[in-house]
Amino acid sequence: MSAEKGKNKFQGIFMLTDRLSYQALEAHYQQIHKRHLRDLFKEDAGRGERMSAEAAGLYLDYSKNRITGETLRLLTALADDCGLRERIDAMFRGDKINVTEGRSALHTALRAPRGRCLAAAAVPDAGKPVHKVLSRMAKLANQLRAGEWLGFTGKPICNIVNIGIGGSDLGPVMAYEALRRYSKRKLKFRFVSNVDGTDFKEATRGLSPEKTLFIVASKTFETLETLTNAESAKEWTLKKLRNPAAVARHFVAVSTAEKKVAAFGIDTKNMFGFWDWVGGRYSMDSAIGLSTMIAIGVKHFSEMLDGFHAMDEHFRTTPWERNLPVLMGLLTVWYNNFFGAQTVAVLPYDQYLKRFPAYLQQLTMESTGKGVTLDGEAIATYQTGPIFWGEPGTNGQHSFYQLIHQGTKLVPCDFIGFRKTLNPLGRHHDLLMANVFAQSKALAFGQVAPAGEPYRNFEGNRPSNTILAEKLTPAILGALVALYEHSVFTQGVVWNINPFDQYGVQLGKVLAEELLPSLSKNARLPKDDSSTVALLRKYRG
């Protein structure tokens, strides 16, 4: 395919590897990829301070990466060549950059301050409906937190169960766990996502239907797993309360499907909408975050939105060399495309962030797990999204860190830590943070083994970023999530893919619905591949 044929609205040349800026990075990689971090630090006494950036309450130390000043210059030149500035401007304007679905990707409007003008012809006055929904969410949250929302029998609601899946679950679960310190402890919060009945049974175990409110989160009100769990929740509620009118006092919806919500029995006055320009994995700060607002209160939820917005503005306005999301996104490209690193480990040293790596798995891999460009061409000459994974420290140190330190695979790491803990206890926090600094140091510089003991050798030269903040607050959580959102966007621009669709999610769902009737014992087996037919026969007994 010629370079001219491959031109599109967002990139001048189709194949990334055809770009001169990419080829310059390839040549540079050949020159420096064997250089050790020990030598890079020895040659530059101020490297640790110079290779850092700060914004929205986050401090990024990226000095322990296998890069030089020239690497950064070439990476930012690649970003320019790929049209990153134009793509950022297009996203914030509300242009339909989600080209495969013909939609804007305007999640940044969810956290824009009231009255902020978004000059978007495609999404006029986007801020007005956002703040209208936020105000309605706040009213419900305040009622529940004050004990003023009464169930069908007149008892105050004290149990909140969020039913969703994907972005309708991972964001709320992560945010609740991350901000549990700020939550109203008199309210219990449970989350149901898996269609496995065990998830629902365990989430409702010990709860009273008279005191339980379900939030059913499904934009279309058609998501099979969510609706199956919602129907079970209705049955569980009515088994105790008996009157179908009880549904209106014990269920609210986060959806746009008014008729289907009403048919379920939910009062549409208690339906909270969002828009087609909000992707599921970018929706935790929309009405999908209703459970979060109820848990932490309106003030803290607003602070979280402020943290998102602060990072949005930093990303939108800051030069690449000081731009945290751009730097992290380009470093991911550097290791993925030149060093062949297939994964990124996210290692938060705060127990409250235990669900953060799982949340990032959807954000990153649903966004960059694409093998087709914006031009509709199969990608054959370079790799796209790496696998994201991780666990909180120090637990991970006694699990998989062995492979990161001494294994044969290169695993870039993101360490996340805080100067202050929300739960002071003796010297626990100093010990925790000593491990953050020690692990990144050990990965970078390694250790030479004593003679005759090669198994004690630590090669080092393993790259990492360290992200530090004062303490884990709602604002810092918002900034942290936005940091990764925009890092993913940066990667998508370089790889010329659409980070806002997820067609790969659909095929398995379609096939599951097709196969479901065949699981009944007396149903006719489908004419299918021999493996599927054999498995169905074995399941049916």
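The structure is a predicted model, in which local features need pLDDT of at least 70 and side-chain atom pairs count only at pLDDT 80 or more, while totals for chains, interfaces and linings use all residues. Residues are numbered from 1 along each chain as its sequence is written, and side-chain values use heavy atoms, with hydrogens and water left out.

Helices (H or I, at least four residues) and strands (E, at least two) are DSSP runs numbered from the N terminus, and two strands are taken to pair if DSSP finds at least two bridges between them. Contact here means heavy atoms within 4.5 Å; axes are lines fitted to C-alpha atoms, for helices over the stretch in contact, and angles run from 0 to 180 degrees between N-to-C directions.

Thr 368 belongs to helix α15 and is buried, with a relative accessible area of 1%. Apart from neighbours within four places in sequence, Thr 368 is in contact with Thr 384, Gly 385, Val 488, Gln 491, Trp 495 and Ile 497.

A further open sheet, of five strands with parallel pairing, has the order β4-β3-β5-β6-β7. Its edge strands, β4 (188-192) and β7 (271-272), each pair on one side only. Strands β5 (residues 212-217) and β6 (residues 251-254) run parallel and are connected by four bridges, with Ala 217 standing opposite Val 254 in β6. Helix α7 (residues 167-178) packs on this sheet, where it touches β3 (159-163), β4 and β5; the direction of α7 makes about 150° with that of β4.

Several backbone features lie in loops. Most residues other than glycine have a negative phi, and most peptide bonds are trans. The peptide bond from Gly 393 to Thr 394 is cis, with omega near 10°, and Thr 394 is located in the loop between β9 and α16 (401-406). Ala 56, in the loop between β1 and β2 (58-61), has a positive phi of about 50° and is partly exposed at 29% relative accessibility. Asn 496, in the loop between α18 (474-495) and α19, likewise has a positive phi, near 60°, but is buried, with a relative accessible area of 0%.

Side chains of opposite charge can pair when their charged atoms come close. With a salt bridge defined as a side-chain nitrogen of Lys or Arg within 4 Å of a carboxyl oxygen of Asp or Glu, the whole structure contains 24 salt bridges. Asp 501 and Lys 370 form one of them, at 2.8 Å from N to O. This pair links distant parts of the chain, 131 residues apart: Asp 501 lies in the loop between α18 and α19, and Lys 370 in the loop between α15 and β9. Asp 501 is buried at a relative accessible area of 6%, as is Lys 370 at 14%. Asp 61 and Lys 64 are joined by a salt bridge at 3.9 Å; Asp 61 is buried, with 15% relative accessible area, and Lys 64 is buried, with 13%. In the salt bridge between Arg 456 and Glu 453, the closest N and O atoms are 2.9 Å apart. Arg 456 is partly exposed at 44% relative accessibility, and Glu 453 is partly exposed at 22%. A network of salt bridges links Arg 111, Asp 285, Asp 312 and Glu 485.

Key:
Buried means under 20% relative accessible area, exposed over 50%, partly exposed in between (1.4 Å probe, protein chains only).
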